[in-house]
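Visitor: Please bring up the model, and then we can go through its charged pairs and its helix packing.

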Amino acid sequence: MPLNIKLNYVEFPAKDISATKKFFEDAFGWNFIDYGPDYTAFENEGLDGGFYKSDLTSLASNGAALLVLKTSNLEQTKSRVESFGGKISTPIFSFPGGSRFHFIEPSGNEFAVWCVTDT
């Protein structure tokens, strides 16, 4: 009998919840719901989740899972990430079927953005 269990929610640490919220609002248009001063949540962004107050960071180089956002325009998205305070940690590179880059958001968490390569 299938259990129909799927990924549903992801949580990230955030040293500065306000700066992290502002970054994702400005760079990607995300909306947040605050649950007190130490937690904020986002919905309808492919996977729901939240940021909790913590001095920890989520970096793939430390063994953390890497969440990858999808875009239709990689260069434009990279420019938005940089213009709103994200730091590019891995420049754009190609792989079979696409290209991507990695960035660090204001609280120190690493994310990636990829784009399908047209064939």
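**Charged pairs and helix packing**

Guide: Lys 21 is buried, its relative accessible area being 16% (buried is under 20%, exposed over 50%, partly exposed in between, with a 1.4 Å probe and protein chains only). The model is predicted, so local features need pLDDT of at least 70 and side-chain atom pairs count only at pLDDT 80 or more, while totals for chains, interfaces and linings use all residues. Residues are numbered from 1 along each chain as its sequence is written, and side-chain values use heavy atoms, with hydrogens and water left out.

Visitor: With which residue does Lys 21 form a salt bridge?
Guide: A salt bridge here is a side-chain nitrogen of Lys or Arg within 4 Å of a carboxyl oxygen of Asp or Glu. For Lys 21 the closest N and O atoms are 2.9 Å apart, and the partner is Asp 34.

Visitor: Is Asp 34 buried or partly exposed?
Guide: Side chains of opposite charge can pair when their charged atoms come close. The relative accessible area of Asp 34 is 45%, so Asp 34 is partly exposed.

Visitor: How many residues apart are Asp 26 and Lys 22?
Guide: Their side chains meet in a salt bridge at 2.7 Å, N to O. Asp 26 has 25% relative accessibility and Lys 22 has 48%; each counts as partly exposed. Both lie in helix α1, about one turn of the helix apart, a separation of four residues.

Visitor: In which helix do Lys 78 and Glu 82 lie?
Guide: The side chains of Lys 78 and Glu 82 meet in a salt bridge of 3.4 Å, N to O. The two are four residues apart, about one turn, and both lie in helix α2.

Visitor: At roughly what angle do the axes of α1 and α2 cross?
Guide: Axes are lines fitted to C-alpha atoms, for helices over the stretch in contact, and angles run from 0 to 180 degrees between N-to-C directions. The axes of α1 (residues 17-28) and α2 (residues 74-83) come within 9 Å and cross at roughly 145°.

Visitor: Which residues of α2 make the contact with α1?
Guide: Contact means heavy atoms within 4.5 Å. From α1 come Phe 23, Asp 26, Ala 27 and Phe 28; from α2 come Thr 77, Arg 80 and Val 81.
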